[in-house]
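Please find below a colleague's note on the model shown here.

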Amino acid sequence: MRGVVFDGESAAAQPVEISFTVEGADILATDGTSSLVPARLLRRSGPQRLHRTDRRDWRLLPDAPPPAEWLAGIAPLGRLDRRATWSYAGAGLLTVAVLAGLWFGGDRLLVAAAPLVPDRLLVTLGDGLVRDLGGRRCVDPAGLAALDRLQGRLVGPGKRRQVTVIETRAVNALAVPGGRIVIFQGLIDAAASPDEVAGVLAHEISHDALHHPTKALLRQMGVSLLASAIGGQMGSAADLAVLLDGSRRAETDADRGAITLLHAAGVSPRGLGDFFVRLREAEGRKPKDMTRQLLDRIGDFTATHPGDSDRAAMMAAAAARQGAVSPALGAADWQALRGICNRTAPN
């Protein structure tokens with residue numbers, strides 16, 4: 001369906017093609033870039049006028065009304081849907097609990113509270129953190145399909161995460177609240193095999209499964225984070241550096257989780273150990289382009305994932321205990337993944 005979008009930054013209406021899906025509104029611009037606006041961020045003020053909760057002046061005007069079933073799932077502008085109401089109520093109760101817990105239980109209460117933070121608030125926080133990274137998303141269709149197959153092999157019928165690849169030469173990856181994982185293009189370029197990327201992805205999936213991103217933010221920011229959540233300022237409240245400042249225990253736990261996932265998938269964990277060692281040997285050869293700014297903010301993989309020699313030994317020992325293995329991706333999928341940034345879209 002055709003329509004126009006006002007991005008809130010310029011007064012001009014931009015013609016677009018719109019697809020209404022279960023995930024939200026998929027918008028294709030005339031320059032070929034596409035972006036998905038999640039349904040949870042959309043509000044309607046009429047059958048042919050849509051707004052975003054995170055961008056005040058943004059408007060989408062389709063030429064015809066969206067399908068009635070789709071439109072029924074979009075909350076009216078200015079009204080919280082039932083899920084949002086319960087989420088914010090839950091955050092309020094959680095804030096009271098944390099205030100009391102800080103008095104009696106200190107850090108242990110914050111860590112225990114992480115799994116109780118409402119998913120809707122975590123998703124909002126994660127989306128804001130990913131936007132703060134800037135840059136462009138890598139959206140080559142063949143590369144995205146290969147990445148999806150790689151995640152599918154690791155988690156099987158389990159929970160899928162939203163994995164985003166950002167076009168930058170920085171060599172890193174991170175898990176953020178709300179089930180989101182970010183991999184930088186430089187990490188894929190630096191990997192010598194799909195097993196190495198699979199190992200990194202399994203490691204970040206394990207961080208998410210263990211609620212490490214949320215625990216880190218609660219530990220550092222405590223009640224201020226929850227108060228910001230209730231005020232709708234979650235994205236700007238958090239610091240990416242907090243997420244990347246992982247404790248040795250958290251890293252060890254994520255490594256063990258990665259080994260479990262890799263064993264179940266029939267992929268050798270040796271690739272992740274090799275990746276640790278090779279990056280440590282290459283430390284100091286930093287890019288001098290705009291990626292330097294990102295590295296200054298978050299560091300590279302070796303800086304934010306300490307203890308590489310010990311971890312490589314752990315991976316080698318795990319590989320020795322494993323039975324039959326096969327490459328994490330076939331040759332064609334590996335080539336497609338390495339070309340995932342052949343096409344990009346605004347982040």
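This is a predicted model: local features need pLDDT of at least 70, side-chain atom pairs count only at pLDDT 80 or more; totals for chains, interfaces and linings use all residues.

Which cysteine residues form a disulfide, and how far apart are their sulfur atoms? Residues are numbered from 1 along each chain as its sequence is written, and side-chain values use heavy atoms, with hydrogens and water left out.

1. The disulfide joins cysteine 138 and cysteine 341, whose sulfur atoms are 1.9 Å apart. The criterion is a pair of cysteine sulfur atoms within 2.5 Å, and by this rule the count is one disulfide. The torsion about the S-S bond of cysteine 138 and cysteine 341 is about 75°, so the disulfide is right-handed.

2. The pair links distant parts of the chain, 203 residues apart: cysteine 138 belongs to strand E8 (residues 136-138), and cysteine 341 to the loop between helix H17 (331-338) and strand E12 (344-346). Helices (H or I, at least four residues) and strands (E, at least two) are DSSP runs, numbered from the N terminus. Cysteine 138 has 3% relative accessibility and counts as buried; cysteine 341, with a relative accessible area of 11%, is buried. Here buried means under 20% relative accessible area, exposed over 50%, and partly exposed in between (1.4 Å probe, protein chains only).

3. Leucine 144 is placed in helix H5 and, at 34% relative accessibility, counts as partly exposed. Leucine 144 and cysteine 341 are 197 residues apart in sequence, and their C-alpha atoms are 9.5 Å apart in space. Apart from neighbours within four places in sequence, leucine 144 is in contact with Cys138, Val139 and Ile340, where contact means heavy atoms within 4.5 Å.

4. Helix H5 (residues 141-155) packs against H7 at an angle of about 60°, the axes being 10 Å apart. H5 is therefore oblique to H7. Axes are lines fitted to C-alpha atoms, for helices over the stretch in contact, and angles run from 0 to 180 degrees between N-to-C directions. Angles under 35 degrees count as roughly parallel, over 145 as roughly antiparallel, 65 to 115 as roughly perpendicular and the rest as oblique. The contact comprises Leu147, Leu150, Gln151, Leu154 and Val155 of H5 with Val197, Ala198, Leu201, Ala202 and Ile205 of H7. By class, the contact of H5 with H7 has nine nonpolar, one polar and no charged residues. Ala, Val, Leu, Ile, Met, Phe, Trp, Tyr, Cys and Pro count as nonpolar, Asp, Glu, Lys and Arg as charged, and the others, Gly among them, as polar.

5. Helix H7 (residues 194-209) also packs with helix H12 (residues 248-265), at an angle of about 120° and with axes 7 Å apart. H7 and H12 are therefore oblique to each other. Residues in this contact include Ala198, Gly199, Ala202 and His203 of H7, and Ala250, Glu251, Ala254 and Asp255 of H12. The classes in the contact of H7 with H12 are eight nonpolar, five polar and two charged residues.

6. Histidine 211 lies in the loop between H7 and helix H8 (212-221). Its phi is near 60°, a positive value in a residue other than glycine. Histidine 211 is partly exposed, with a relative accessible area of 31%.

7. For the protein as a whole, the secondary structure comes to 17 helices and 12 strands. Buried residues make up 49% of the 347 residues.
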